[in-house]
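Hi,

Here is the structure I said I would pass on to you. Have a look at it first, and then read my notes below.

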Amino acid sequence: MKGMTRRALIAAAAGALLATTACNVDSGATTASSPAAGGTASAAPKALKVGWSTIYLAPSWMQQTLKMLEDDVARLKGEGKVASYETFNANGDTSQQIAQIQAMITQKYDVILVDAGSSTALNPVMEQAVAAGIVVANFDSLVTSDKVIRVGTDQVEWGRMTAQWLADKLGGKGEIIAMNGPAGVSVSEERWKGAEEVFKKYPDIKIAANVHSEYNLAPAAQAFASAYSANPDITGVFSQGGALSAAALQTLVKQDRKLVPITGENYNGFLKMWAEKRREGFSSIATAQPNYLSVIALQAAVAKAGGANVPMNITVPLPEITDENLDQFVKPDQPDDSYPIQPLPQGEIDKLIAGK
Amino acid sequence: MTLLNVERVSKSFAGVTVLREVSFDIQPGEVLALVGENGAGKSTVLSLITGLLAPDSGTIRYAGEPVRAWSPHRARAAGIASVHQELSLNPHQSVAQNVFLGAWPARRGLVRHRDLAARARPLLERVGLDADPRTPAGRLPLGAQQLVELAKALAADPRLLILDEATSALDDDQVRAVFRVAGELRERGGSVVIVSHRMGELLSISDRLTVLKDGEVMATRRRAETDHDDLVRLMVGRELSDMFPAKPDSSPVEPVLRVSGLAVPGSRAGVDLELAPGRIVGLGGLQGQGQREVLRALFGLRPHGGRIELDGRPCRLASPREAIRRGVGYVPEDRKTEGLHVVRSVRDNLALTSLRTLAPARALTTVSRRRESELVGELIRRMRIKAASPAQEARRLSGGNQQKVALAKWLPNRPRVLLLAEPTRGIDVGTKREIYHLLRELAAEGMAVLVTSGDTMELVGLCDEVLVMYEGAVVDRLAGAELTEERLVHASVAGRAAAGEVSRA
Amino acid sequence: MRGDLDLVWLGALLLVALAVYWRLDPTLPRPATITILSAQFLPLILAAAGQTVVMLTGGIDLSLGAVLSLGMAVFVTNPAGNVVASMALALAVTVLAGAANGALVAYAGLPPIIVTLAASFLWAGVTLIVLPQPGGQVPAELVRAYNMGWYGLALPAIAIGLALAVWKLVKTTRFGLALYAVGGNEHGAFANGIDTRRVKIAAYGFAGLFTGLAGIGLAIQTGSGDPTIGTPYTLNSIAVAVLGGISFFGGVGRMRGTLLGALLFGLLSNLLLFTGISTFYQLILQGVVLVVAVAVKTLAARERVA
């Protein structure tokens with residue numbers, strides 16, 4: 001029967017495909033278990049097998065994070081501390097992320113880094129990894145489990161810091177539009193919580209409109225434009241995301257209005273516009289979710305695997321981008337959709353890991 | 001007591017009246033035949049009885065009670081079972097599951113397959129079908145499937161059995177089995193309504209015959225009071241000779257299209273045929289014997305094998321685009337999905353295939369409105385299309401005029417070969433006659449015409465030659481004096497040429 | 001039998017995948033590993049089972065992921081105060097959501113793809129109201145027993161077995177046969193007195209049961225609820241059902257095919273995690289394997305018909 005032979009062929013081909021991939025794994029496993037190139041000293045701890053499971057890899061912030069992480073991995077490999085490194089992209093599928101961490105446990109990874117797709121759903125599997133003796137470090141998007149090292153920024157402080165700058169800039173009175181992320185998203189809620197704390201202290205600052213928009217230029221511009229046409233006399237804008245800030249500033253420039261202070265983020269599109277309009281008196285403050293969170297998480301985990309005492313919660317201070325130091329950050333030759341950041345000095349990282 | 005009364009029932013679809021004040025009745029213990037041309041309204045009447053459709057006005061009484069909120073479910077529960085030409089089997093379920101379709105005997109909520117098969121066997125025996133009840137119904141030949149339908153109808157132990165072209169795919173033995181079943185039912189006081197295009201069958205089994213024409217009852221006659229010619233006169237409403245154009249003397253002409261060994265997926269044998277200018281060739285046989293596939297293959301809609309020669313030179317017809325370029329036009333069976341853009345205007349429809357001539361390359365892609373208007377106007381005149389204006393949406397036209405539009409749009413390209421599938425299905429008699437004459441005119445102008453039709457009268461009346469197809473192969477070729485309804489029906493059903501004939505297929 | 005041949009080839013592929021997996025992870029046959037893997041595969045298997053029921057009617061359910069999240073959300077907010085009652089409530093909600101989809105398909109006469117696409121937004125919105133952000137509670141002992149084994153028993157595997165046994169029973173009821181009849185020839189079923197609308201509503205509702213179970217399984221696996229976690233299950237469940245031989249046109253296919261498809265799909269994506277090939281290539285490879293598997297089956301079927 002012709003159909004049968006064809007099926008048999010395909011099955012064989014599929015088998016071969018699987019077998020080849022299996023060989024790849026074997027070779028990978030041997031490199032992992034053989035002594036690392038640099039780790040010659042007998043006293044040195046064994047070189048580690050490191051993996052990063054991330055919910056997304058495609059966004060530019062993630063790409064920058066990956067690059068920074070890989071650079072640091074290369075350095076640690078040179079020092080003989082890391083033997084192998086692997087990235088796992090769950091592509092938005094949290095269940096897939098669970099499977100990834102599960103697979104890393106099975107393959108006896110020493111260090112698992114996680115940028116989580118859910119603040120709760122990964123807890124059991126991460127705790128399972130910890131129970132298996134694996135050092136798990138979570139950064140950027142954090143989980144609620146307290147059994148893993150968590151490296152993040154304080155999102156409430158983000159709102160507090162930028163809102164305080166705006167309040168000072170306005171001299172404690174005025175009328176503003178607040179640009180927030182989508183309702184129900186925890187990052188957005190937390191940043192706004194911090195901002196609200198500040199604005200409560202200044203009864204003369206009136207919030208004319210509280211706009212919710214996706215962290216995306218086009219919808220944000222639309223949302224801001226309609227709020228602005230209803231409130232053309234505002235004296236400032238509190239914005240909690242780079243694309244939102246860019247949208248607000250762009251609208252003011254397009255309509256040729258007064259460039260009131262707008263808070264921002266290290267979204268390069270915003271930084272470029274800011275640098276250009278600074279001459280016309282535009283002023284802002286921006287902060288960032290720094291890509292080096294990944295590096296700190298990696299180093300903390302490696303230190304812990306080496307026996308060092310590492311704090312479970314590492315809150316990384318938010319960088320401050322001001323009218324004065326803007327030029328160190330803005331990258332005119334890079335696309336709008338990038339997040340320029342100054343690397344954190346190694347001394348600072350060491351201090352954070354040491355818990356000081 | 002009368003079992004079923006149909007009283008002054010009318011029904012229309014989208015403004016077209018299909019039934020007009022139809023009345024007839026069925027007595028217990030009798031077989032009533034419904035007779036009429038295609039589109040006379042027989043199927044609609046039956047759908048009203050079985051609850052598939054509801055009448056716009058009029059009453060249907062069943063066992064004395066007017067039926068309300070009628071549905072297939074209720075009709076079945078009330079003892080009405082039906083077998084249609086269009087199969088209602090689920091090809092993926094077993095024969096036994098189909099026999100009890102919708103009324104599976106269950107024990108404690110569960111249907112046991114062995115139980116099902118055991119109960120199905122006597123029913124299959126009754127209809128003379130020797131098949132394993134566990135095979136998927138779709139694997140059986142068409143005729144056997146129709147018998148499964150009959151077994152399914154019997155499973156409901158009906159008081160009224162409706163046979164709607166139920167014998168169309170059956171051979172002589174199988175037809176006898178069906179009639180035996182009908183006879184048994186009649187003896188036990190049940191009733192049968194039968195619809196068939198085989199007049200001989202109807203005359204042999206029925207007690208009374210009701211003739212429908214264009215949605216109206218022409219007459220109801222007792223079997224003893226009527227004969228074949230009487231019924232045909234009632235059905236057609238005029239003498240047959242007036243319906244069809246005269247056939248010219250066929251002097252041998254060099255064929256424009258010569259096809260040999262044409263094979264489409266699913267067909268068992270290659271098809272040979274020749275189309276010559278001036279001639280109308282028909283593809284006959286039972287429904288679904290590959291006629292449609294042949295047409296679609298010749299228009300490049302279906303992958304096919306075999307050799308096709310156009311003007312003596314081999315050519316490939318791999319896509320409709322290619323076929324059109326080589327002068328082949330196709331008027332499909334389903335006007336509404338393939339033949340026309342029903343939501344576009346008559347004008348757009350007519351101009352569609354002529355865009356190349358209307359928008360020559362030097363004018364880039366703009367269509368010359370003036371030339372388009374001329375063209376459209378001429379086509380409407382020539383084909384006698386009755387439209388309110390060229391801007392009218394095609395779906396607002398009557399079926400006959402839609403068909404004329406589907407046909408007319410090919411004419412500007414001067415096709416050499418015209419393929420038509422069921423050119424008069426669902427069209428009123430008057431327009432049918434017009435289309436027959438138009439096709440003959442087009443042939444006379446030098447076109448080669450190939451039509452498929454399920455209407456034997458149409459094939460016999462219109463065509464110069466009819467090829468009878470059976471399971472994908474040509475089993476008989478009838479022309480001249482041999483081309484009679486009787487011969488055509490016989491070859492269609494038997495799947496071979498009449499005795500003493502040597503098939504050239 | 002044709003359907004069996006398809007399954008044989010799928011089963012053979014699965015055996016190859018299992019063999020390779022065993023080589024990479026020698027702990028495969030141990031109860032602990034079986035527990036972990038079955039916990040991981042349960043949501044996909046049950047979601048695909050739900051999708052299969054809908055596809056057997058000739059429909060498709062694009063709201064499956066949203067309904068899965070909804071079931072999960074209802075379950076973890078523990079509205080009834082105890083686990084079993086909350087579970088029942090969650091299942092009631094997903095069955096109703098499914099039945100509502102079915103009613104729209106049956107009565108509005110709209111194509112299932114449109115109805116369920118619209119419904120996916122609706123149920124996602126309802127989920128966010130029930131559970132605005134990840135959280136909720138699942139008793140820790142339950143999470144541990146489910147994920148780590150309960151007296152050496154792989155609870156998720158048992159749950160899968162029970163769910164499929166229920167299906168086997170339902171398939172032999174009149175409803176089960178009517179489901180296949182409607183999917184295979186809807187008009188025929190209607191003409192034979194089957195209440196096709198009721199069958200469709202029941203089928204979508206029944207699919208909601210499987211989907212709800214998938215959501216509850218996912219909640220117990222993750223120890224919490226997440227209102228957006230279900231989304232990928234929509235397309236994955238369709239892919240799995242198609243891989244398992246369920247026809248897009250309805251009426252054809254068996255649940256055991258879906259089970260094999262889900263296991264193959266899950267094992268394959270796990271295997272890719274072991275390979276160490278770049279993550280983007282993993283996606284490509286996964287797609288290629290799916291296309292090849294489905295194409296081969298289709299070609300084989302075509303050859304048999306010809």
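Predicted model: local features only at pLDDT ≥ 70, side-chain atom pairs only at ≥ 80, totals over all residues.

Let's start with chain A: among its contacts between residues at least 6 apart in sequence, 73% join residues at least 24 apart. By "contact" I mean two residues whose C-beta atoms, placed from the backbone, lie within 7 Å.

Residues are numbered from 1 along each chain as its sequence is written, while chains are lettered from A and ligands numbered from 1 in the order in which they are written.

Back to chain A. Twelve helices and eleven strands turn up in it (DSSP runs numbered from the N terminus: H or I of at least four residues for helices, E of at least two for strands). Of its 356 residues, 49% count as buried, meaning that 20 or more other C-beta atoms lie within 10 Å of the residue's own, against 12 or fewer for exposed and anything in between for partly exposed, with C-beta atoms placed from the backbone. The chain is divided into domain 1 (46–153 + 290–317) and domain 2 (155–287), with bounds from an automatic or database domain assignment. Taken over C-alpha atoms, the centres of those two domains of chain A are 33 Å apart.

Now for chain B. Its open sheet has four strands in the order β2-β1-β4-β5, with antiparallel pairing (two strands pair if DSSP finds at least two bridges between them). At the edges sit β2 (16–26) and β5 (65–66) of chain B, each pairing on one side only. Strands β1 (residues 4–13) and β4 (residues 57–62) of chain B run antiparallel and are joined by five bridges. One thing to look up: which residue of β4(B) is the bridge partner of E7(B)? That would be T59(B).

How do the chains meet? Two pairs of chains touch, and the most contacts are between chains A and C. No contact joins chain A and chain B, whose closest C-alpha atoms lie 17 Å apart.

The contact between chains B and C takes 20 residues from chain B and 21 residues from chain C. On the chain C side, α8 (174–184) and α9 (186–191) are the elements that give two or more residues, and α8(C) has the largest share, with six residues.

Enjoy exploring!
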